[in-house]
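Subject: Structure handover

Hello,

Here is the structure I promised to pass on. Please open it alongside this note.

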Amino acid sequence: MKNETNFEWDENKNHNVSFETAQYAFADPNRVLAEDINHSQNEKRYYCFGKIEGKILTVRFTYRNNIIRIFGAGYWRKGKNIYEQTN
């Protein structure tokens, strides 16, 4: 059986950092996952901090029906700091 992660997103929200690229943050073996406690209302939301091509990318996401739904991504200083402090 193949262990495959599926991703989805709203193309209308696919801006600065492409969500196609953002998927690769999850492939970083040193990635850091954290709950976004400030923005979790009806569903839990999370951050993934992962390294892509030498830069730390922060991806905002949630889980829906066993699929990772990405709704934001960017190279944010706070995410870089969390990643570096954890690793």
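Predicted model: local features only at pLDDT ≥ 70, side-chain atom pairs only at ≥ 80, totals over all residues.

Overall fold

The chain has two helices and five strands. Read from the N terminus, the order is β-α-β-β-β-β-α. Along the principal axes, the C-alpha atoms fill a box of roughly 35 × 30 × 25 Å.

How does the radius of gyration agree with that of a compact globule? For 87 residues, a compact globule would come out near 12 Å. The chain has 13 Å, so the value agrees with the rule.

Burial, contacts and charge

Of the 87 residues, 34% count as buried. The accessible surface comes to about 6,200 Å². Carbon and sulfur atoms hold 42% of that surface.

I also looked at contacts between residues at least 6 apart in sequence. Of these, 39% join residues at least 24 apart.

On charge, there are 13 positive and 11 negative side chains. The centres of the two sets lie 5 Å apart.

Two residues here deserve a look: Asn14 and Ser18, both in the loop between strand 1 and helix 1. Strand 1 covers 7-9 and helix 1 covers 19-22.

Start with Asn14. Is Asn14 buried or exposed? Its relative accessible area is 17%, and the cut-off for buried is under 20%. Asn14 therefore counts as buried.

What does the side chain of Asn14 reach? It goes to the backbone nitrogen of Phe19, at 2.8 Å. Leaving out residues up to four places away in sequence, Asn14 touches Trp9, Phe19 and Glu20.

Now Ser18. Its relative accessibility is 24%. Buried means under 20% and exposed means over 50%, so Ser18 counts as partly exposed.

Which side chain does Ser18 pair with? A polar contact of 2.8 Å joins the side chains of Ser18 and Thr21.

Ser18 and Gly74 are 56 residues apart in sequence. In space, their C-alpha atoms are 9.0 Å apart.

Ser18 is partly exposed and its side chain makes a polar contact with that of Thr21.

Best wishes

How values were computed. Residues numbered from 1 in each chain as written. Heavy atoms only, no water. Helix = DSSP H or I, 4+ residues; strand = E, 2+ residues; numbered from the N terminus. Buried < 20%, exposed > 50% of the residue type's maximum accessible area, 1.4 Å probe, protein only. Polar contact = N/O pair within 3.5 Å; in protein donor to acceptor, adjacent residues only side chain to side chain. Contact = heavy atoms within 4.5 Å. Rg over C-alpha atoms; globule rule 2.2 N^0.38 Å. Areas by Shrake-Rupley, 256 points an atom, 1.4 Å probe, with all protein chains shown as cover. Lys, Arg positive; Asp, Glu negative; His and termini not counted. Charge placed at Lys NZ, Arg CZ, Asp CG, Glu CD.
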